[in-house]
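Subject: Structure handover

Hello,

Here is the structure we discussed, with my notes below it. Please look it over before you set anything up.

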Amino acid sequence: MQLYSTNNKSLQVSFKEALFQGLPIDNGLFMPLNIPEIPKEVITQLDKYEFQEIAFQVAKALLNGEIPDDDLKKIIDAAVSFPAPVNMLDEQTAVLELFHGPSLAFKDFGARFMAKTMAYFNQKTDKDLIILVATSGDTGGAVAAGFHQTPGIQVVILYPSGKVSPLQEKQLTTLGHNIHAFEVNGTFDDCQALVKQAFLDQTLRDEIKLSSANSINIARLIPQIFYYWEAYKQVYKKGKPVVFVVPSGNFGNLTAGLIAQKMGLPVQHFVAATNANDIVPDYLSSGKYNPRPSVPTLSNAMDVGNPSNFVRIMDLYSSTWNIVKSHISGYAFSDTETENAIQQIYHTHNYIMDPHGAVGYLAWEKYREEFQTEALGIIFETAHPAKFLEEVERILGQKIKIPESLQSIQTKDKKSTPIEVNYLEFKNQLLKSFKTK
Ligand SMILES: *Cc1c(COP(=O)(O)O)cnc(C)c1O
């Protein structure tokens, strides 16, 4: 598999190199040089395939031999080890549940595939790999669970102090072993900036072997393509055109869908759903991209002021606003609207949705009304509602059921390293903890 930098098409690397570099040295993002098409005869018979088989076909087409089939199969079987079921709310509204993994959020797919591929390529080296990841909540939990106790890999998670839910914080700070949580006195954007700066710091990279696990890493994006196919498989016999509705923050999930479409997945349209951090819906209506500091909301995993995958979307569509608009519509919603939606979905459909999925639900309702579409909307439920327990219970005025995996971490002790938004302090911490020479 060849990938290029969005800043320079002639800067090309293999999947393995992109996996470990995370970002190209010119600060672009890696994109696949070829987006292969899945054969028509596979697409028309998708229902004959198990989820893992579909994932294997998609990964095999993209990786194009870089990992031998037998090894790739093992990686897929270990990474895609839980289902992604579609639930029908009404004739035109489906919910794709992406929360059946260990951290109860869709990021488990990306984190697990990445951990397995990194462990696969890192088998023969003796130097520990340090994974740096900034999280606004869910990334960290998924990465921590995905990499926990992976030999030869240490994970450093930066999260904004006080800006993730108590349960999310437990997921970041209680695993121990090779998982290290840095509690940053700032915002998610500050965390992300610290990580970006570390990757651009050659003197640091000379000392420790760094890699990223953010949604910018192509290995996070690839497995997110799998479940678009899996969702389509479950609904295509209904004979309706399909619209994917994606609650979005850094836009990795949505970008994966655009790639699935380029691979031949029959998608009529994409709907990007955001909270008050409406940079992309704003771009879609005005043609102007104005990144700005993020504001905190109820759906905090989408509190992103400068979505990192926006450059990939620009790259896919040659920075042409009209083309982008022909693929994606965007809508933004306030916390009050989101709370009302959670109540409405519960009372109308007897379904408990988390705040992120509820933003998606609102976007689908709006799109459906605006275009009077006959299509089937597949809303991504990106996290289990129990991950946002206090909020969802307050909004619904009742207790909700907590999955076992969350119950057990509630009693564990938090362990984190507090740091200020100060790059030198961060760098010194990293050197102190991980310099091996
Ligand atoms: C990360 C996350 C999102 C946003 O996904 P992006 O790929 O960053 O757009 C939405 N919902 C939940 C629950 C998340 O954890």
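Is threonine 338 buried or exposed? The model is a predicted one, and in it threonine 338 has a relative accessible area of 1%. The cut-off for buried is under 20%, so threonine 338 counts as buried. This residue belongs to helix 15, which covers residues 335-349. Leaving aside residues up to four places away in sequence, threonine 338 is in contact with Leu298, Phe333, Pro355, Ala358, Val359 and Leu362.

Five strands make an open sheet with parallel pairing, in the order 9-6-7-8-14. Strand 9 (209-212) and strand 14 (417-419) are its edges, each pairing on one side only. From one strand to the next, the twist averages 25°. Within this sheet, strand 7 (residues 153-160) and strand 8 (residues 179-184) are joined in the parallel sense by six bridges. Isoleucine 157 has alanine 181, in strand 8, as its bridge partner.

- Helix 5 (residues 107-122) touches strand 6 (129-134), strand 7 and strand 9, and its direction makes about 155° with that of strand 9.
- Helix 19 (residues 423-434) touches strand 6, strand 7, strand 8 and strand 14, and its direction makes about 150° with that of strand 14.

Another open sheet has three strands, ordered 2-1-3, and its pairing is antiparallel. Here the edges are strand 2 (8-14) and strand 3 (30-32), each of which pairs on one side only. Direction ignored, neighbouring strands of this sheet are turned by 40° against each other on average. Strand 1 (residues 2-5) pairs with strand 2 in the antiparallel sense over four bridges; tyrosine 4 has glutamine 12, in strand 2, as its bridge partner.

Then the helix contacts, starting with helix 10.

Helix 10 (residues 218-235) and helix 11 (residues 252-262) have axes that come within 8 Å and cross at roughly 65°. The crossing is right-handed. On the helix 10 side the contact is made by Leu221, Gln224, Ile225, Tyr227, Tyr228 and Trp229, and on the helix 11 side by Gly252, Asn253, Leu254, Thr255, Ala256, Gly257, Ile259 and Ala260. By class, that contact has nine nonpolar residues, five polar and no charged ones.

Helix 3 (residues 51-63) also meets helix 10: the axes come within 9 Å and cross at roughly 135°. The two helices are therefore oblique to each other. Helix 3 passes helix 10 in a right-handed crossing. Helix 3 contributes Phe51, Ile54, Ala55, Val58, Ala59 and Leu62 to the contact, while helix 10 contributes Ile222, Ile225, Phe226, Tyr227, Trp229, Glu230 and Lys233. These residues divide into 11 nonpolar, no polar and two charged. Ile225, Tyr227 and Trp229 of helix 10 are listed both in this contact and in the contact with helix 11.

Last, helix 7 (residues 166-173) is mostly covered, with six of its eight residues buried. Those buried are Leu167, Gln168, Glu169, Gln171, Leu172 and Thr173. Their cover includes helix 6 (138-147), helix 17 (389-396) and helix 18 (404-409), along with strand 7 and strand 8.

Regards

Notes. Residues are numbered from 1 along each chain as its sequence is written. This is a predicted model: local features need pLDDT of at least 70, side-chain atom pairs count only at pLDDT 80 or more; totals for chains, interfaces and linings use all residues. Side-chain values use heavy atoms; hydrogens and water are left out. Axes are lines fitted to C-alpha atoms, for helices over the stretch in contact, and angles run from 0 to 180 degrees between N-to-C directions. A crossing is left-handed if the near helix is turned anticlockwise from the far one by less than a right angle, and right-handed if clockwise. Contact means heavy atoms within 4.5 Å. Ala, Val, Leu, Ile, Met, Phe, Trp, Tyr, Cys and Pro count as nonpolar, Asp, Glu, Lys and Arg as charged, and the others, Gly among them, as polar. Two strands pair if DSSP finds at least two bridges between them. Buried means under 20% relative accessible area, exposed over 50%, partly exposed in between (1.4 Å probe, protein chains only). Angles under 35 degrees count as roughly parallel, over 145 as roughly antiparallel, 65 to 115 as roughly perpendicular and the rest as oblique.
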